[in-house]
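Subject: Structure handover

Hello,

Here is the structure I promised to pass on. Please open it first, then read the notes below.

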Amino acid sequence: MPLLTPDIPFGQPAFSLSSDQIATVIDLVCRGAQEAQGDITPGMLEVPTTMIVRKAIRRVKKGLSLTNLEVRGEHELENMATKDASILGRIDITLKFLHQFGNEDAYVAVECKRVGAGLSTLNSSYVSSGVDRFVTGQYAAGHEWGFMLGYVLALPVDSVVQSINKRLQKSYGDLAKLTPNTTHKLSLAILEGALAQKNGHTIRMKHIFVDMTSAA
């Protein structure tokens, strides 16, 4: 079970994550995706799949007795630059650690997308409608870390990673290149890259791919 340790403050502490907290996010996401598989039916679309995964993550968190973080539902980002009720976007899954409580701009963002070998439209959307929201700062502006969760509908995962990696580098340069550096027994692959946000800040990204071929 992941252990949580106090943060070492640097930069904006509410936006930072310790190595143990990163490991906790990965563990919860992978376990939750695994537990959710029995409730996901073939042909199920992205939104209901994510709702089931999110509920499973909450059950896993409760089972592990992790009381120092919250798993939240779809997180609406309000457009603070205007006085109207406009919404900048909705992040699929957010987590909040104790050191982030009290700061509405501090959270852990997990954006979920379906992908698959030979599924070029979905793989393209992973970048253009998922990763790009971190680049623009629409999601996780100024944060140290962001997370993408890929529901793999068709194997092999290496083909998926190659396709997405090519698109990332073409769109955002060498900084976005995916490199393996973490493993989890319930994931197909976990890779890391980085992105230059429009405000000049660099955000590091974890890309987690899980097996959802049963939902294809």
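Start at one pair of residues: Ile190 stands opposite Ile208 in β9. Strands here are DSSP E runs of at least two residues, helices are H or I runs of at least four, and both are numbered from the N terminus. Two strands count as paired if DSSP finds at least two bridges between them.

A word on the source. This is a predicted model, in which local features need pLDDT of at least 70 and side-chain atom pairs count only at pLDDT 80 or more, while totals for chains, interfaces and linings use all residues. Residues are numbered from 1 along each chain as its sequence is written, and side-chain values use heavy atoms, leaving out hydrogens and water.

Strand β9 first. β8 and β9 pair in the antiparallel sense, over 8 bridges. Of the 10 residues of β9, 7 are buried, so the strand is largely enclosed by the rest of the structure. Buried means under 20% relative accessible area, exposed over 50%, and partly exposed in between, with a 1.4 Å probe and protein chains only.

Now the turn. The hairpin of β8 and β9 has 5 residues between the strands, and Gly200 there takes a positive phi near 90 degrees. Asn199 sits in the loop between β8 (189–196) and β9 (202–211). Asn199 counts as exposed because its relative accessibility is 53%. A polar atom of its side chain lies 2.9 Å from the backbone nitrogen of His201. The C-alpha atoms of Asn199 and Thr136 are 8.3 Å apart, though 63 residues separate them along the chain.

Next, helix α1 (residues 19–36). Its 18 residues should span 26 Å at 1.5 Å a residue, and its end C-alpha atoms are 26 Å apart, so the two agree. The expected span is 1.5 Å times one less than the number of residues. Buried residues of α1 include Ile22, Val25, Ile26, Leu28 and Val29.

Finally, the whole chain. It has 4 helices and 9 strands. Their order is α-α-β-β-β-β-β-α-β-α-β-β-β. Buried residues make up 48% of the 216 in the chain. Among contacts (heavy atoms within 4.5 Å) with a separation of 6 or more, 60% join residues 24 or more positions apart.

Best wishes

Conventions: A polar contact is a pair of N or O atoms within 3.5 Å; within protein, one must be able to donate a hydrogen and the other to accept it, and residues adjacent in sequence count only if both atoms are side-chain atoms.
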